[in-house]
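This report goes through a structure chain by chain and contact by contact. Please keep the sequence and the model at hand while reading.

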Amino acid sequence: MAQLEKTADPLLEVKDLRLSFVTRSGVVQAIDSVSFTIGQGETFGLVGETGCGKSQTAMAVMRLTPEAGIIQRGQILFEGMDLVEGAEKEVHTETKGKTVQLRRDEKAIKKMNNRMSNVRGRLISMIFQEPMTSLNPVYSIGFQISEVLKTHRRHYLLARVEARNLAKKEDLKSVAVLVSRPGYSDAQLSAMLQQLGLQALQDEIRFIVSRTDIGLTQKSRLISQLADTKTSPIRLRYLMNEDKASSSFVYRLLFRVPGFRSWVEKPMSDEAKAISLELLTQVRMPNASTVLNQHPHELSGGMRQRVMIAMGVAGKPKLVIADEPTSALDVTIQAQILQLFRELRDEMGMSVLFISHDMGVIAEICDRVGVMYAGNIVEVATVEELFANPKHPYTQGLLAAIPQYDDSKKPLQSIPGTVPNLINPPSGCRFRTRCKYAFAKCSETPPLVTISDNHQALCWLYAEGEKK
Amino acid sequence: MEADTINLAHDEAAGAPPRTGSRWKEWRLTLKIILENKSSAAGLAIVCAYLLIAVIDWVYPALIGVHDADALIPNFSNTVPQAPSFAHIFGTTYPGVDLYQAIMAAIRIDLYYSFQVVLGGAIIGTVVGVCAAYYGGYIDEALMRFTDIFLSIPYLPFAIAIAFFLGREISNISVALTLVWWPLYARYARGQTLSVKENAYVEGAKASGVGTPGILRYHIIPNVLTPIFVQISLDLGTVVQVFAGLVFIGFATGNLLLPELGTLISNGFGFAVTAPWTILFPGLAILIFAIGMNLLGDGLRDALDPKRRT
Amino acid sequence: MKLRYYILRRLLFVIPTLVGLTLIVFILIHVEGTDNLIGSYINPRAGNIAGQEASAIQLLHLNEPLPYQYFYWVNALIHGNWGYTHTGIFNGPVTTAILLFYPNSLVLAILSFVLLTAISIPLGVWSAVRRNSLGDHLTRVASFIGYSMPIYWLGLILIIIFASNNVNPALNIFPISGTVSIELVSNASWYVQGVSFPTHLLLLDALIHGRFDIFENAAAHLVLPVVTLTYGTLAGVLRVTRSSMQDTLSQDYVRTARAKGLSENVVVKVHARRNALIPVTTLLGFTVAALLGGVVLIETVFDYLGIGYWTTQAFLSNDLGGVMGATVIFGLTFVFANLVVDVVYGFLDPRIRY
């Protein structure tokens, strides 16, 4: 199937993705021929009913498809790199008489997971729907965020450790003087730090300056205290030449001793904790420094989701996948989280794949939207276009089903029927069993019709010469 | 689905007799799931074979070649164990007892006492556990502290102590084991009751004015009994081992001719090195029963798991 | 709450447990009447039986109501006055018997416990990660058989295999009975009547006195009992570890850990394993009970001079002092072991500390 839309320089390109699940009752065609692209800095929404395959599309991009799932064909290109290459080797089906069985090649899956560990969290990160169960209950929040930093941003951590070691008290004092002067510019600060060779501390200084809970004197003191934590030269030398050291026999032996590795890496862990605190503040976590040492069960759902978001952006990914991040939250918290999301996105310039069943949320945050139904993307358009001029009957149904405040007299609309059984999906257009415009042609596979430059629909109604 | 359950609850709450037809169907489904799985089917076969032997011992022992199912028949003219031969297919053990007959007769005694222990423990434990969980509050606290006291001594030394004060007799072993086994069931039944109690249909029954006996009879007991039943089947194998073990270390020294697997092992103890079959065969009889029981128990647990039934 | 408060609270909780433990032993004793109890406080070799009887009645306040009697009995226990034991293997005060037998059993139980934990948990984790592989199937079959096998029978089979007059002399590696070869310790001045000095732990004392031959011999005597005890109790822990690990691996937070880009190794060992160990820890508490029960059977099979062997002997020679003392000491060991298990539990699971 042709690409849905050409963006100048797509970050993520999903091409003709097809994914099935093997269950006891048969093979479920969860995703069929899904294609879409996400441009740099763009927010792309996927919307649809429960079970239409939107979450599974996201999981496929992360290569976190549940055990029974098989990626049958297609490509997922991230900056030109195919993430699903070789997926058919990992899991495949075997037909034994009447039953279809799943064969998993555990070695290939392990290899894929290890290959993907350079992508997950670093290039693409994901925020899940269930904040209550998505955090590990036995580790502190600080530990769970630091982990991402220690895995994906080692160089940055090291630079900060080193800069802290180099920093002199007098230098930092002069920096403190600079930032306490009213009307100083960010460029001035950068230039000064550049001159002192302390660029790595810039983020932390900025964070201290931006704090609103403390006064100027306190800020100056905090800045001059940055030089207080020094790392012993031995540890620093190890950390700087880590690759060489970890290949040496002695170190590998020593790493077997419980606690040795964490002792050696303590300066890095401390640095990661400091950054975690900055991140938690950035996601507007109340009492961030307390939360850092708390465990997930001590936090509310909204706070946990903030932690998930902090974790999601910690690795400075280019694409964040948000799988219904607000569905499990109260309405007021939902609005806050959405607001936060928008701010972070603009601040960091990331692309977002936003998944929701809520048209209102989609309208709030997305640039472009893909509407999914029963494993197909049935319509793609910019947000304005989609809401103003929905073409596919399913999209029209979805929009009509949004409760409206103003005309409360009108009865609520709903789409009759339910999502079809995907073990034996209807032939042709999968929506035709519920579509009020369905006609004979609909039992053939529908074409993707371009309505306008940024609007396409998968429907016979708009195909040339097929109009009723 | 949920609406169904609630309707059903109301039917029964209103005093409708339990639908025997559907219960029979449930059992057939369970059996079918067990037979579908090779290992649990093997377990069922083993357990049935042992039960059959026990019944034959009781009704007509000569059918499987056992002359006396209540006592071993010694041969004092030659008490030294003889190797397996055509006359004695498992050989003989001290004092000149045919091992095949001995084991066949012993299966009945071991099974009888083990069932006594497990069923006794399960009944006491379930009553205590269900009461504790259902009434809650002080009753719960008191009953569970009482249970905890019983759990503060490892079961085997505890059983030895109880049997010591009761007197050295084989029936006292089963009393002692029952006394140390019930607290486990009490804890288990309490946990199950607590989770059943939270269910919507119990709330529904309460709201529609069903009294305590009705709720216990129709809602709690049936739902607690299923997991208890699975636990019984998983425990039986262990209890047979422990029971024979207690006899082995000398609980029944007074009676060398009691057909019991532990006695047989203990009788052969002195000849272990020169006549290994005296140890091997009685032990295998326990091992095979325990394997069969555990296989069946695992199968039952899977078969009664609602997730697997659909 | 901090971990130390949790530990403190757990320590306080030991008190009612100990009261319950002593109460139940006390009730058991009094079911039969007090004659036996008086008997167990009499040392027949010291003479003046009537005088001793009178002083025992006075010590335990047997003329007063039962609650007082309980109080004075516990008081006697606390002051180390546990009565006398008369068995084929030891005659004398119960406390001396415990001093003599307890270290041997402790070594046996601790070695088995360490071994069973060190084998079953990694193997269970591995089995869950490599699910349905050949190794997983073999592990499961082996553990299933171990679970179903009577532990004393396994000991006997090992005795048959390793017996020294066996047809196959290549297998005469491990001694099949006792704690140490008598001829080796007969000339050791620090080994008096079955008790080694100064620590009472034979293995340790042999090292202290530089007698490596004794150390080696005592260690060899331990091999078969420890192997039997470990294999017999290992299977349950292995099964639970495997199923718990399998359960954990399908949790949302493991998916999150993968989504963070952690390596599979870290996902399994840091994120899944620690959670999977929480139910395993609870089970380890119960396993201690099975282990101590196994000690009774195994020591009898291998003639290993420990608390379990003494318990059996006391039981068979109708010795109340021995049975009572052994029951209390088994109970104390179990309570203490559960305390340790609970502290580990609190360390593993931050939720429990509340």
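## Where chain B meets chain C

One salt bridge is found across the interface of chain B and chain C, a salt bridge being a side-chain nitrogen of Lys or Arg within 4 Å of a carboxyl oxygen of Asp or Glu. C:Arg239 and B:Asp298 form a salt bridge through their side chains, at 2.7 Å from N to O.

On chain B, the elements that give two or more residues to the side touching chain C are helices H5 (137-150), H6 (155-166), H7 (170-197), H9 (212-251) and H11 (277-304). Helices here are DSSP runs (H or I, at least four residues), as strands are (E, at least two), numbered from the N terminus. H11(B) gives the largest share of that side, eleven residues. Sorted by class, the side of chain B that touches chain C holds 33 nonpolar, seven polar and three charged residues. Ala, Val, Leu, Ile, Met, Phe, Trp, Tyr, Cys and Pro count as nonpolar, Asp, Glu, Lys and Arg as charged, and the others, Gly among them, as polar.

## Basis of the model

The model is predicted: local features need pLDDT of at least 70, side-chain atom pairs count only at pLDDT 80 or more, and totals for chains, interfaces and linings use all residues. Residues are numbered from 1 along each chain as its sequence is written, chains are lettered from A and ligands numbered from 1 in the order in which they are written, and side-chain values use heavy atoms, with hydrogens and water left out.

## Area between chains B and C

The contact (heavy atoms within 4.5 Å) involves 43 residues from chain B and 45 residues from chain C. Together the two chains bury about 4,100 Å², with 80% of it on carbon and sulfur atoms. Buried area is the accessible area (1.4 Å probe) that two parts lose on being put together, summed over both. Of the area that chain B buries against chain C, 19% comes from B:Phe164, B:Phe165 and B:Ile249, more than from any other three residues.

## Chain C as a whole

Chain C contains 14 helices and four strands. Its C-alpha atoms fill a box of roughly 80 × 60 × 40 Å along the principal axes. Of the 354 residues in chain C, 52% are buried, where buried means under 20% relative accessible area, exposed over 50% and partly exposed in between (1.4 Å probe, protein chains only).

Chain C is divided into domain 1 (3-87) and domain 2 (103-312), with bounds from an automatic or database domain assignment. The C-alpha centres of these domains of chain C are 34 Å apart.

C:Gln52 is in helix H3 (residues 49-60) of chain C and counts as buried because its relative accessibility is 14%. Leaving aside neighbours within four places in sequence, C:Gln52 is in contact with C:Tyr41, C:Ile42, C:Asn43, C:Ala46 and C:Gly47.

## Where chain C meets chain A

Here 23 residues of chain C are in contact with 30 residues of chain A. These chains bury about 2,400 Å² between them, 56% of it on carbon and sulfur atoms. C:Arg255, C:Ala259 and C:Lys260 supply 24% of the area that chain C buries against chain A, more than any other three residues.

Three salt bridges are counted between chain C and chain A. C:Arg131 and A:Glu67 form a salt bridge, with their closest N and O atoms 3.0 Å apart. Helices H11 (252-259) and H12 (264-301) of chain C are the elements that give two or more residues to the side touching chain A, and H12(C) gives the largest share, seven residues. That side of chain C divides into nine nonpolar, five polar and nine charged residues.

## Chain A and A:Gly121

In chain A, the assignment gives domain 1 (141-282) and domain 2 (371-462). Their C-alpha centres lie 52 Å apart.

A:Gly121 is in the loop between helix H3 (106-116) and strand E8 (124-127) of chain A. A:Gly121 counts as buried because its relative accessibility is 3%. Not counting residues up to four places away in sequence, A:Gly121 touches A:His152, A:Gly315, A:Pro317, C:Ala259 and C:Lys260.
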